[in-house]
Amino acid sequence: MGDTQRTNSRPPRDLRALPKAHLHLHLAGSLRPATLRELAERHGLPDPRLPSDPEIQGWARFQELYDAARAVLRTAEDLRRVVVEAAAADAEDGCGWLEIQVDPTAYAPLLGGTRAVLEAVLAGAAEAPVPTGVIVSSSWARPAAHAERLAALAAEYAGAGVVGFGLSNDERLGRPSDFARAFRIAAEAGLLGTPHSGFFTGPAHVRECVEVLGAARVGHGTSAASDPATLALLAERRVALEVCPTSYPPFGVHELADVPVATLLDAGVPVALAADDPLLFGVGLLGQYEICRTALGLSDQRLAAVAGDGIRSSSAPEPLRVAMLSTVDAWLAGRGPDLDAG
Ligand SMILES: [Zn+2]
């Protein structure tokens, strides 16, 4: 809004052809509904309830659905398959780099430990149809010592497919300062710190994640939009916010039309659009860009800027980043392959 929109004679640019990095996707939340049902049946579990009746209300209901999705992932083969399928869905959406996030804790008892879980996920990443890195996540709800163990595990696999360390779940359940050591372990191994914050909590929590945990990116973080000082900090340090538009309305965090992408961009804060949990929210990576165009009125210039922010704040190898960024420029200049075809 406020940008020069494309001229009215020109067809809208194809958002699928805009190269994207997908930086905030949870493993179980990426399950295809058909795969969820198939695995439930194979493992003799009751047919999972799906959020196709869009009734997700509040955190408890969300957690119930998420736990049901996690419960069908019982073997290394299940985990490998989910990663490959998530990347395949993203490939169709024009994704050129995926970072998939897993908390190995829930799967560890069945697979014989967190290491076995991580290796199964890395096996999926290695054969995914889109280059894929893995983010190991602990939970704000678990003790700092647990996060430190997972950070040490993640650090062992830095350079072997693990690219980041995060903290997921409800950020009100833990204090950032308690997790400083875990993030230090990850940073010393060269991993990006990507905690969830600023979803239920205010800008002070986002700021603490940057200042105390050294976050390179923040999962959500949209409460920062209400505080100029936090916006300035994020902009100055080039800390990207992983904004997932469809994750907010079910929790009353933002209405779709009020997701503050424009405010963040105006303040110079990098924005990386992501899907979070497409199984639960029903919208994939491409759909998040479409929502920014239709519900938020972002111009193609801004959509290209967001795609560029995602690529620049990713852990993709430098040559891939350069290639993707030049394709973003070509898309905006109207020289994308799909546009030439017409
Ligand atoms: Zn998330």
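Is Arg16 buried, exposed or partly exposed? I looked it up: Arg16 is partly exposed, with a relative accessible area of 43%. Buried here is under 20% relative accessible area, exposed is over 50%, and partly exposed is in between, with a 1.4 Å probe and protein chains only.

**Ground rules**

I am working on a predicted model, where local features need pLDDT of at least 70, side-chain atom pairs count only at pLDDT 80 or more, and totals for chains, interfaces and linings use all residues. I number residues from 1 along each chain as its sequence is written, and side-chain values use heavy atoms, with hydrogens and water left out.

**Salt bridges**

I stayed with Arg16 and looked up its partner. Arg16 forms a salt bridge with Asp93, and the closest N and O atoms are 3.9 Å apart. The rule is a side-chain nitrogen of Lys or Arg within 4 Å of a carboxyl oxygen of Asp or Glu. Asp93 sits in the loop between helix H3 (76-92) and strand E2 (95-102), and Arg16 in the segment before strand E1 (20-26), so this bridge ties together parts 77 residues apart in sequence. Helices (H or I, at least four residues) and strands (E, at least two) are DSSP runs, numbered from the N terminus. Asp93 is buried, at 14% relative accessible area.

How many salt bridges does the rule give? I get 19.

Next I checked two bridges inside helices. Arg70 bridges to Asp67, with the closest N and O atoms 3.1 Å apart. Both are in helix H2 (residues 58-71), 3 residues apart, which is about one helical turn. Arg70 is partly exposed at 22%, and Asp67 is partly exposed at 34%. Arg321 and Glu318 make a bridge too, at 3.7 Å between the closest N and O atoms. They share helix H14 (residues 318-332) and are also 3 residues apart, about one turn of the helix. Glu318 is partly exposed, with 48% relative accessible area.

**Zinc site**

Which atoms coordinate the zinc ion? I noted NE2 of His24, His26 and His196, plus OD of Asp276, at 2.1 to 2.4 Å. Donors are N, O and S atoms within 2.8 Å of the metal (3.2 Å for Na, K and Ca), and water is not among the atoms, so sites may look incomplete. The donor residues are spaced H-x1-H-x169-H-x79-D in sequence. His24 lies in strand E1 and Asp276 in the loop between strand E8 (271-273) and H11, so the pair ties together parts 252 residues apart. His24 is buried at 0% relative accessibility, and Asp276 is buried at 6%.

I then checked the geometry: the angles among the 4 donor atoms run from 86 to 173 degrees, and the site is irregular. Four donors count as tetrahedral if all angles lie between 85 and 135 degrees; four count as square planar and six as octahedral if opposite donors are over 155 degrees apart and all others between 65 and 115; anything else is irregular.

**Rings**

I counted 7 aromatic pairs. Phe199 and Phe200 have ring centres 4.8 Å apart and planes at 80 degrees, so I logged them as edge-to-face. The rule takes rings of Phe, Tyr and Trp (its six-membered ring) with centres within 6.5 Å; planes under 30 degrees apart are stacked, over 60 edge-to-face, and the rest tilted. Phe199 is buried at 10%, whereas Phe200 is partly exposed at 24%.

Phe251 and Phe281 are edge-to-face as well, because their centres are 6.4 Å apart and their planes at 80 degrees. Phe251 is in the loop between strand E7 (240-243) and helix H10 (261-266), and Phe281 is in helix H11 (residues 278-281), 30 residues apart. Both are buried, Phe251 at 14% and Phe281 at 13%. Ring pairs join Phe199, Phe200, Tyr248, Phe251 and Phe281 into a cluster.

Last, charges over rings. Arg172 lies over the face of Phe200, 3.9 Å from the ring centre. The charged end of Lys20 sits over the ring of Tyr289, 5.6 Å from its centre. To count, NZ of Lys or CZ of Arg must be within 6 Å of the ring centre and within 35 degrees of the ring normal.
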